Amino acid sequence: MSVMQEEAIESPLEPERDITKTRKPLTRNGLVWLRLKRMPRFWIGISVVAFIVLWAFVGPLLYPYGITDRDPLNMGMGPTLLHWFGTNSIGQDIYAQTLSGLQKSLVIGFVAGPAATIIAAIVGSTAGYVGGWVDRIIQWFILLLLVIPAFFLFILLSPLIKGLSWVVLMFYIALFSWMIMAQVVRSQTRSLRNRDFVRAARYMGMPTRTILARHIIPNMASILIIDATLGVVSAIMSETALSYFGFGIQKPDVSLGTLLADGTAAAVTRPWLFVFPAFVLIALLFAISLVGDALRDAIDPTSGMNRD
Amino acid sequence: MTLYIVRRFLNYAILSLIATCMAYVLASVVLDPAARFYGMNPRPPQSSIDASLDAMGVNPDIPVLVRLWTWLTNLFTQFSLGTTVGGAQVTAEIAARSGASLRLLLIGSIIGAIIGVLLGVWGAVRQYRMSDQVVTYASYIVFATPTFVIGVLLMILATQFNNLLGTQVITFTGEYTAGISGSWWDLALDRAIHLLLPTIALVLISAASYSRYQRSVMLDVLGADYIRTARAKGLPRTKALYRHGVRLALIPMSTFFAYSFGTLIAGSAMLEIVFSWRGMGQFQIEAIQKNDINAVAGTALFVAVLYLISSTLSEVLYAALDPRVRS
């Protein structure tokens, strides 16, 4: 009797010879980066910002004139090889002044913008989570701001910081530009606070502070990042507007706002006093908003406000 | 519908009143009305400083809330907002200056809204086309330019233009040519030319933000089922777009209009200063520089009343566009 031979049957499911490596599951951050990488406006924006930052801090080292140096032989000159952006009526070099003003505006923007976002995150999430009178006060405050424009509040309260250093101005700007974002954070928090993971944390007896820091705020990281980026733009805008109208940076400090203010009087007859600092400012703000905009699209491609 | 609008109006009226009171209190706390006397040489005796502060109702020795109460009673019983540091009535100053400001603000915001809505609809319908991209990036550049920079750049361009033509075609300092005389027609033309550049600037900033908002709302509407239904039942594309699309997309716009009005007021105040207009914006900024509490409070009231009017108008617009509100 022949033992039934086990015949090797060709398996219909022949394992593939060359195993294709499965890609690692994409994390959320990886996905955002992948989208961001493909956006030309992100690369344009980020490289212009990087260039301007580098230029503002390295440029003055490679240039012979300081901001207060006077060149009595070339007063009120247009742009030349000697003075790249021209000189003002007392012979000061506009290129040197522009870079110095740019430094100050950059520092103020990059500190005050994110600082305002941090305040907004703390205040907004507290108001949304705790509710009650904190919530009501913040709601009223934001409503009142719709009646009295923020710019008026800025200049009305500016006597408080008169004569103080420009570092104070930086925090002053942060202190008065968080309100709208706090409103957004607040409404996001309202929707998060009854989610299961937040509830679980609450029933475990976690203190409110920890719940906010560990569960609520990290869940809004994306909108906060976007706001911090665009906040840089609005902080620089506030600084230049305040300084331009004489309520912000005071002499002898130079910022783009004071520089533009100085250039305005002669802007029509000697345009270079105004046009060069203005274009640097516009390029900077435009580049930062491109980055912020690309970030928003990468983080939330379905966002209604911005589909480009 | 009337009841709805009346209710909203009362709501805004209370809000405006509170905001004005808040501005009064803030101005009283922050500004030092006696500062200008201390700078005088010789310094006037304390008694006369006090007398003059009392006459203005800004003496810091009296509690802020008492002063606020006096200010409010004067406002509601005598329609008086007190006097400026120069001795003029604040109401008279506002009457003299508000015309120029309102002219700029009204013309600028209306033209800006119309252009913005048209550009937004156009951009949404032609999404991702060349024209849409151009409008999008142009509006980003406008967003990235501070209002006063737009003003000064326009002045530089206008000067170049005048030089090119060899005559002074576009005049832009002040709201009219000083000492001009002539027929009514000449005066009106002169004011219109002075209005040109600030209006262009205001139109640019308002059209940029309205067009972005209108575009995104319109895109939401274009994806909605009722547009597909309208097309499926045989309505031509343009008719479906304009009868069912634009009308619906305008509803959220009416709210956005009121919301962005504050930004426009601030923007036009900056432009007034840039173009050296004797308007409300200049009045307000000078008032803060001169520690003039009554004038600051008066301008705050002016802005609050503008807010009241614009929000009520936008509610009326909302109710007119959205039948659900009316019932």
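Trainee: How are helix H8 and helix H10 of chain B oriented to each other: parallel, antiparallel, perpendicular or oblique?

Mentor: In this predicted model, local features need pLDDT of at least 70, side-chain atom pairs count only at pLDDT 80 or more, and totals for chains, interfaces and linings use all residues. Residues are numbered from 1 along each chain as written, while chains are lettered from A and ligands numbered from 1 in written order. The axes of H8 (residues 184–222) and H10 (residues 237–259) of chain B come within 9 Å and cross at roughly 140°. Angles under 35 degrees count as roughly parallel, over 145 as roughly antiparallel, 65 to 115 as roughly perpendicular and the rest as oblique, so H8(B) and H10(B) are oblique.

Trainee: How many nonpolar residues does the contact of H8(B) with H10(B) have?

Mentor: Residues are in contact if their C-beta atoms, placed from the backbone, lie within 7 Å. H8(B) contributes residues including B:Tyr213 and B:Val217, and H10(B) residues including B:Leu248 and B:Phe256. Ala, Val, Leu, Ile, Met, Phe, Trp, Tyr, Cys and Pro count as nonpolar, Asp, Glu, Lys and Arg as charged, and the others, Gly among them, as polar. By class there are no charged residues, 2 polar and, as the number asked for, 10 nonpolar.

Trainee: Is B:Ser276 buried or exposed?

Mentor: B:Ser276 lies in the loop between helix H11 (261–274) and helix H12 (280–289) of chain B, and has a positive phi of about 40° although it is not a glycine. A residue is buried with 20 or more other C-beta atoms within 10 Å of its own, exposed with 12 or fewer, and partly exposed in between. Because B:Ser276 has 12 such atoms within 10 Å, the residue is exposed.

Conventions: Helix = DSSP H or I, 4+ residues; strand = E, 2+ residues; numbered from the N terminus. Axes fitted to C-alpha atoms, helices over the stretch in contact; angles between N-to-C directions. Contact = placed C-beta atoms within 7 Å.
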